[in-house]
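Visitor: I would like to go through the terms used for this model and see what each one rests on. Please set the values against the cut-offs.

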Amino acid sequence: MRRVAAAGLLIASILGASPSHAAMGKDAREDFIKSCEAQMYMPAPACACMADIAEQKLDDTAIAYLSLDANDVVHSAAMSKSMTSAEIASIDNFMKTAPGQCKDAK
């Protein structure tokens, strides 16, 4: 029950965020980079590059989704069910293009 409540609070806080492109705060940026390094096995400079692109191309919901631990299936499933097709498409496009753009970042 607490997991469901936590997932609901997470979704509500994310959906309450601005639908425009994200202005990542320091903590959100650090979380995004740590998640990128751990889950995509990319070096910090490449993940910082990915964070720069995410800040320009994605909204807060997409950034929060990409920052989730991949093993956190409860929250990731809840978030993905609440996203619009446009939000999912923006994440898909980001994941198809940004890693290639950032692979040589130093």
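**Terms and their grounds**

Guide: Ser-80 touches Tyr-65 and Ile-88, with residues up to four places away in sequence not counted. The model is a predicted one.

Visitor: What makes Ser-80 count as buried, exposed or partly exposed?

Guide: Ser-80 has a relative accessible area of 27%. Buried means under 20% and exposed means over 50%, with partly exposed in between. Ser-80 is therefore partly exposed. Its place is in helix H5, residues 73-82. The C-alpha atoms of Ser-80 and Thr-61 are separated by 9.7 Å, and the two residues are 19 apart along the chain.

Visitor: Why is Ser-35 called buried?

Guide: The relative accessible area of Ser-35 is 7%. The cut-off for buried is under 20%, so Ser-35 is buried. Ser-35 lies in helix H2. Neighbours within four places in sequence aside, Ser-35 is in contact with Met-40, Leu-66, Ser-67 and Leu-68.

Visitor: How do you know which class Tyr-41 belongs to, buried or exposed?

Guide: Tyr-41 has 72% relative accessibility. Exposed means over 50%, so Tyr-41 counts as exposed. Tyr-41 is placed in the loop between H2 and H3.

Visitor: What is there to note about phi of Tyr-41?

Guide: Phi is near 55° at Tyr-41, a positive value in a residue other than glycine.

Visitor: Why are H4 and H6 called oblique to each other?

Guide: The axes of helix H4 (residues 60-67) and helix H6 (residues 85-102) cross at roughly 60° and come within 10 Å. Angles under 35 degrees count as roughly parallel, 65 to 115 as roughly perpendicular and over 145 as roughly antiparallel, with the rest oblique. H4 and H6 are therefore oblique. The crossing in which H4 passes H6 is right-handed.

Visitor: Which residues make the contact of H4 and H6?

Guide: From H4 they are Thr-61, Ala-62, Tyr-65 and Leu-66, and from H6 they are Glu-87, Ser-90, Ile-91, Phe-94 and Met-95. By class, this contact of H4 with H6 has six nonpolar, two polar and one charged residues.

Visitor: What makes H2 oblique to H4?

Guide: The axes of H2 and H4 cross at roughly 40° and come within 8 Å. Roughly parallel would need an angle under 35 degrees, and roughly perpendicular one of 65 to 115. H2 is therefore oblique to H4. H2 passes H4 in a left-handed crossing.

Visitor: Which residues meet there?

Guide: Asp-31, Phe-32, Ser-35 and Gln-39 of H2 meet Ile-63, Leu-66 and Ser-67 of H4. The residues of this contact of H2 with H4 divide into three nonpolar, three polar and one charged.

Visitor: Which residues have the most contacts inside the largest nonpolar core?

Guide: They are Phe-32, Met-50, Ala-54, Leu-58 and Phe-94, in a core of 23 residues. At least two residues of this core come from each of helix H2 (26-40), helix H3 (44-57), H4 and H6. H3 gives the most, with seven residues.

Visitor: What does Phe-32 touch?

Guide: Residues up to four places away in sequence are not counted, and Phe-32 then touches Met-24, Cys-47, Met-50, Ala-51, Ala-54, Ile-63, Leu-66, Ser-67 and Phe-94.

Technical notes: Residues numbered from 1 in each chain as written. Predicted model: local features only at pLDDT ≥ 70, side-chain atom pairs only at ≥ 80, totals over all residues. Heavy atoms only, no water. Axes fitted to C-alpha atoms, helices over the stretch in contact; angles between N-to-C directions. Helix = DSSP H or I, 4+ residues; strand = E, 2+ residues; numbered from the N terminus. Left-handed = near helix turned anticlockwise from the far one by under 90°. Contact = heavy atoms within 4.5 Å. Nonpolar A, V, L, I, M, F, W, Y, C, P; charged D, E, K, R; others polar. Core = buried A, V, L, I, M, F, W, Y, C linked by side-chain atoms within 4.5 Å. Buried < 20%, exposed > 50% of the residue type's maximum accessible area, 1.4 Å probe, protein only.
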